[in-house]
Every structure is written in structure tokens, then in C-alpha cells.
Amino acid sequence: MTPPLHALAAALGVHTAYRDGLGTEVIVGDETLVRVCAALGAEIASPDDAESALAAWRATQAAELVPPVVVAWDGIVPPIAVQAHGSVDALLRLESGDAAPITMHDRTITASTTLPFGVHELLVAAGGRHATCRVIAAPTRAWRSERLTRAWGVGVQLAALRTARSRSVGDLRDLATLCEWIATQGGAVVTLLPLLPTFNAPDPEPSPYSPVSRLFWSELLLDLGPAHRAVGPVASLDVARADAEVRAALAGTGPSEAVLRDPELMRYAMFRGAQARHGRNWRAWPEPLRAGHLTPHDVDGDEVRFQLVAQERVREQLAMLHRGLDAHGVQLGLDLAVGVHPDGYDAWSRQGLFVAGMSVGAPPDAGFPSGQDWGFGPISPVHARRDGHRYLRESLAHQMALAGVLRIDHVMAWSRLYWIPHGMRLDQGTYVSQPSEELFAVLTLAAHRHRCTLIGENLGTVPPEIASALPRHAIAGMYVAQFAAMGDVPIPEPTDEEVAMVGTHDTPTLAGWMLGEDIDERVRCGLLAADDEPATRTARAEGVARLAEQLGVTADEAAALRDALLAWLGQSASPLVLTWLEDLWLESRGVNLPGTRASQRPNWQRPMAAPLDELLGRATEAIAPLRAARGEAT
């Protein structure tokens with residue numbers, strides 16, 4: 001018989017066993033199961049409570065008139081059972097406000113017509129109870145741009161861009177310069193790390209994957225105009241200085257009336273104003289503020305004004321950039337970060353949605369034998385379903401209003417996510433299942449509405465359901481040459497369902513990978529045991545040699561290997577080939593070393609080796625093999 005605790009976990013989608021990245025079968029401990037189940041809403045404090053908690057959970061589920069969310073693929077609504085006795089009243093209200101015809105038979109609701117794409121509401125009343133079911137009518141296959149068939153592009157960290165006019169960090173004028181170059185070379189896409197707001201000062205946290213919010217833009221993007229002169233050569237990106245520059249440029253400027261009528265933006269600005277007065281950690285604020293109740297007396301008015309003006313300006317400049325890119329046939333590729341900073345706006349403004357006492361991460365694998373904690377809390381799938389995944393819909397709409405291509409960071413999280421109870425070891429967490437079908441429906445609907453091509457970051461241990469879902473929903477996977485070289489011989493080529501990449505922001509640059517510089521850093525930072533270093537170096541050397549042999553070049557000639565690799569990827573069936581911009585001049589140090597803290601390594605803070613104006617000549621020569629392979633004249 002299944003013990004009550006395991007039965008409760010199964011009912012809640014909490015995994016009682018899993019295989020980690022080292023191939024070890026892990027049986028999840030009782031304490032982990034109790035804490036994760038409690039975080040999901042079960043009434044449990046110890047294993048002895050499991051039986052009563054399971055009964056209470058089942059009673060709650062049985063009391064639901066209808067499920068909170070139903071997916072209508074291609075507009076076809078499945079039969080929806082109503083859990084009630086006696087008469088039932090129901091109305092299917094479309095997004096447009098119109099009612100869709102439905103029929104009722106034996107307390108099962110069916111739609112009499114195919115629904116238009118959108119998020120509709122089924123309103124049900126029975127026995128004095130009322131319920132709402134969101135019906136997500138979405139295309140099975142996501143939208144794909146016809147321009148991205150034999151296309152190529154480059155990836156870059158915007159803050160690292162430098163030109164002769166740059167300030168402390170790269171801005172939208174620098175991005176426009178890069179995009180203009182891409183257009184002249186026949187490229188189609190410039191992919192960027194997240195452009196979301198971060199904590200800049202004091203105590204900067206520059207990681208673009210730990211944003212304050214997924215609903216707004218970083219104020220550091222702003223082009224401040226010619227009056228703000230370049231700072232000259234920089235050894236490190238100074239986001240605190242950049243923040244001060246933006247504030248000085250916007251001093252004395254007020255927001256428009258339209259901005260003041262934007263309730264979400266006003267709440268965001270009030271939150272940042274409260275942080276300026278009461279500290280970044282909102283969990284330590286006085287109770288009314290902590291609970292979400294802010295008044296003008298609780299906030300720094302200057303900070304509120306700055307945030308409103310900054311968001312208005314950056315929206316205007318992004319809209320102008322977007323129009324210019326459309327004219328040149330270039331698209332921006334953005335990244336949907338998998339989480340947000342726990343001190344940020346989204347976690348404060350949607351406290352019921354974000355689970356307290358838990359961190360998201362990953363179990364042990366070859367790269368991180370102790371496991372990983374990514375530093376942010378998970379979203380409760382229970383609460384997300386109750387409001388029809390509104391927050392995810394808003395986050396996607398925010399990104400897709402600008403992006404022609406959107407990469408879903410760690411797309412495996414759409415099937416399961418690894419939760420670690422606070423205070424427990426990284427290997428003492430467990431996976432929690434997600435409402436995968438609903439999440440993919442939200443995603444394909446958003447892509448359809450915004451005409452946005454989707455990429456899923458399916459690197460690492462990929463569950464079978466994700467491996468099958470990506471092609472089913474026309475979401476491209478990722479092929480990373482550095483990873484492919486470490487496996488089979490001959491090295492497999494990218495398929496027409498994969499975006500081909502030399503590397504990513506989480507891998508070494510191509511030159512660094514060949515030299516093994518990341519191995520040096522991993523040993524220095526304690527991510528790789530000294531005893532494992534020789535075998536790791538041997539495996540890397542074998543991977544480099546394997547790739548060089550397949551490409552017909554010498555393993556110690558970085559430029560020759562790069563040129564041959566770009567040509568090989570360009571000749572593949574991949575619809576889109578991306579190279580990290582800095583690989584075009586063989587930068588050896590990566591922008592990020594996953595698993596390291598700011599005290600160990602200054603991630604996200606390395607500027608480009610020289611101003612872009614000086615490097616584009618070299619980049620033009622280096623990109624020629626890819627252009628030729630993709631059918632572009634050089």
C-alpha cells in the first residue's frame with residue numbers, strides 16, 4: 001500500500017523519487033515531502049498528518065464545480081464536467097464579451113462551436129455555489145516567422161556593448177549600432193540577455209536573470225543623448241554609476257498623464273519608492289506595507305517620479321528602435337527569465353503566487369555535484385491555475401511586444417521544477433510537477449497574438465514530455481556545438497527543429513572552451529574538485545579534437561576552427577544559427593560562470609574587449625563563412 005504521505009505527494013504533483021543529473025536514483029525524504037506539500041497548501045506539519053491532509057485535499061478538489069483552467073486546442077473545447085447535483089447554470093463568455101453557445105447533458109458542458117483564440121471564461125452556478133473556469137483557446141502549433149528559415153544572428157549582453165560614445169554600460173543607441181551592422185551583413189536576429197530591471201544601487205546585483213520584475217524594462221537601457229559624454233575605457237561594467245547617470249539625466253522631469261493612469265506601473269513605482277525609504281527587503285517592512293498597502297506617506301516621492309519617468313522614456317525609445325528594426329528586417333530575440341528576485345516587485349505584489357520558504361534550483365549533476373540554488377522562489381501551480389496563469393500571460397505579453405524571437409529559459413520548468421526547502425541541503429529538494437498543457441497553451445497563444453517565434457532552452461536533463469512537446473507545439477529546441485562535441489562520434493548535425501548555437505551565455509566562449517579557461521575558474525571557485533580536474537581536462541581536449549577532426553581543421557587554431565564551425569552550422573538544416581558576438585574576435589573569458597557568487601567572480605560585469613566601432617571590421621571578416629553558408633553574398 002502507498003503510505004499516506006506518498007499518496008498526498010502524488011495528489012499534489014510532488015515527486016517522491018527522481019533520478020538526478022549524476023544518474024543516481026533519489027528517494028525523497030519525509031521532511032522534504034512534508035514541507036513541499038505544506039507549501040502547496042496541504043494541512044500538514046509532520047508525516048502523521050498526511051492521512052487527514054490528503055482527505056482534506058480531496059474534499060477541496062471534490063468541492064470544485066469546474067476545474068480552474070481548461071485548454072481548448074485549436075479552439076475545440078473538451079467536455080467539461082460539473083461536480084454538482086441538481087440544476088446547473090452556465091455561461092461561456094468570450095474575451096470579446098459575447099456569449100458562445102453551449103449545451104448541457106448529464107452535468108457535462110460542451111461548446112457548440114469552435115472558439116476564437118483567447119482566454120475565455122466559463123461561469124458556472126449550482127447549489128448556491130459559483131465558479132469560474134478559464135478556457136484557453138490556443139493554437140497547437142506556435143507561430144513561426146517565415147523569415148527564419150535559413151537565417152543567422154548574433155547574441156550579446158547589451159550592457160557589455162561599447163562604442164565611442166558609450167557611458168558606463170551599453171544602451172539602446174549602442175544596440176542600434178549593432179543592429180545596423182547586422183542588417184548590412186544580411187543577418188536576421190540580435191538576441192539579448194533579459195532587458196528587465198535589476199537592483200543597481202546600493203549593493204548592485206547585475207544578473208539579468210534575477211530581475212526586480214518581469215513586467216517592466218531596465219532604466220539602464222536609456223540613450224541619454226549626446227549631452228552625456230562617454231566615460232572612456234572601462235575594466236568593469238559599473239551599474240551603480242550608470243544608475244546615477246540616468247537619475248541625473250531625468251532629474252526635474254515629470255511623468256505624463258497617461259503614465260499616471262497606468263495602475264500596474266504606478267504600483268511598481270510606489271514599490272520602488274517604498275524600498276528607497278524602508279530598505280530592499282520588503283519582508284522586513286511594517287506590516288501594512290509588507291502586505292501590499294502603500295500610501296504616498298510610505299514612499300520616497302522622488303524615487304516614484306524617477307521610476308515613472310524612466311519607464312515612460314524607455315518604452316518610447318524601445319518603440320522607436322522596434323520601428324527601425326522592422327524597416328531593416330532585423331528582429332530582437334529576448335529571454336524569458338525563469339524567475340525573479342525574491343526582494344523584487346513581482347514577489348511583493350503577487351505574494352499568494354510566489355511560494356515562501358522554498359528556492360528553485362537543480363539536483364546534483366556533473367557540473368554541480370552538490371546541486372544548485374538559483375536564488376529565487378517558485379510560483380505555486382495551485383495559485384497560478386486559480387487566476388488562469390494571468391502573471392505568465394502578462395510576462396509573455398511584455399516581452400513579445402518587443403521580441404520577434406523569445407527564448408524560454410529552462411523550458412523543462414514547464415513540466416517540473418526542482419524545489420529546495422530553505423535550510424536544507426541542495427540535494428534534499430524534489431521536483432514539483434507543473435500544469436504543462438496549460439502553460440504551453442498560454443505560450444502558443446501569446447506567440448500567435450504577437451507573431452513571435454519561440455525557442456525552448458532544452459539543455460541538460462530533458463523529461464520525455466518536454467522532448468515531445470517542443471516539436472508538437474512548433475517550439476524550436478537548442479543545439480549547442482560545445483555540448484554536441486562532448487558526445488557521440490560523428491558529432492550529430494543540428495536538425496530543422498533546433499536553433500544552432502556555438503555556445504550560450506552560460507558556457508565559455510569558443511576560445512575559452514578550447515583553452516579550458518573555464519576549468520581553471522571552476523577549480524578556483526570550488527565548483528570542480530582538484531581530483532576531478534585531470535579527467536575534466538582530458539575530456540575537454542578530446543571534445544575539442546573531436547570537433548576539429550569533424551571540421552577538418554587543427555585543434556589548436558581557434559580562428560580556423562571558428563570559421564569552419566560557423567560554415568558547418570550554416571550548412572545545416574537549422575532554421576537559425578546564432579553565434580555569441582564576442583566569438584567573432586575570439587574573446588577568451590565568458591560573461592558568466594554558473595554557480596559562482598559575486599565574491600568569487602564578477603559575473604555580468606565584463607565589458608567588450610574594445611569599442612564596437614573598432615571590432616566590427618574583424619567581426620565582418622569572421623562572419624563571412626556563416627553568411628556564405630546561409631546563402632548570403634560576402
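Q: How much space lies in the second largest cavity?
A: Rolling a probe the size of a water molecule over the atoms shows where empty space is left. The second largest cavity holds about 280 Å³ of space. A cavity here is a set of points, on a 1 Å grid over the protein atoms alone, where a 1.4 Å probe fits but cannot get out. Grid points are joined across faces, edges and corners, and a volume is the space filled by probe spheres set on the points. This is a predicted model: local features need pLDDT of at least 70, side-chain atom pairs count only at pLDDT 80 or more, and totals for chains, interfaces and linings use all residues. Residues are numbered from 1 along each chain as its sequence is written, and side-chain values use heavy atoms, with hydrogens and water left out.

Q: Which residues are closest to the centre of the second largest cavity?
A: Gln157, Ala159, Pro194, Pro206 and Ser218, out of 21 lining residues. A lining residue has an atom within 4 Å of a point. The lining has 14 nonpolar, seven polar and no charged residues. Ala, Val, Leu, Ile, Met, Phe, Trp, Tyr, Cys and Pro count as nonpolar, Asp, Glu, Lys and Arg as charged, and the others, Gly among them, as polar.

Q: How many cavities does a search of the whole structure find?
A: Five of 30 Å³ or more. By class, the lining of the largest cavity has 21 nonpolar, five polar and four charged residues.

Q: What about open space: how much lies in the second largest pocket?
A: A pocket is an open set of points with protein on both sides within 12 Å along at least five of seven lines. The second largest pocket has about 620 Å³ of space. Of its 33 lining residues, Leu12, Leu40, Trp57, Gln61 and Val382 are the closest to the centre. Helices H1 (4–12), H3 (50–62) and H11 (381–386) each supply at least two residues of the lining.

Q: How many salt bridges does a search of the whole structure find?
A: Side chains of opposite charge can pair when their charged atoms come close. The count here is 34 salt bridges. The criterion is a side-chain nitrogen of Lys or Arg within 4 Å of a carboxyl oxygen of Asp or Glu.

Q: Which helices hold Asp518 and Arg540?
A: These two side chains meet in a salt bridge of 2.8 Å, N to O. Asp518 lies in H17 (residues 517–524) and Arg540 in H18 (residues 533–551), so the pair ties together parts 22 residues apart in sequence. Both residues are buried.

Q: In what order do the five strands of the open sheet run?
A: Two strands pair if DSSP finds at least two bridges between them. The order is E3-E10-E9-E5-E6, with mixed pairing. E3 (69–73) and E6 (99–100) stand at the edges with a single partner strand each, so one side of each has no neighbour in the sheet. E5 (residues 89–93) and E9 (residues 118–126) pair antiparallel over five bridges. Ala90 stands opposite Val124 in E9.

Q: How many residues of helix H13 are buried?
A: Eleven of 15, so H13 is largely enclosed by the rest of the structure. Among them are Phe440, Leu443 and Leu445. Just after H13, Arg451 takes a positive phi of about 55 degrees.

Note on methods. Helix = DSSP H or I, 4+ residues; strand = E, 2+ residues; numbered from the N terminus. Buried < 20%, exposed > 50% of the residue type's maximum accessible area, 1.4 Å probe, protein only.
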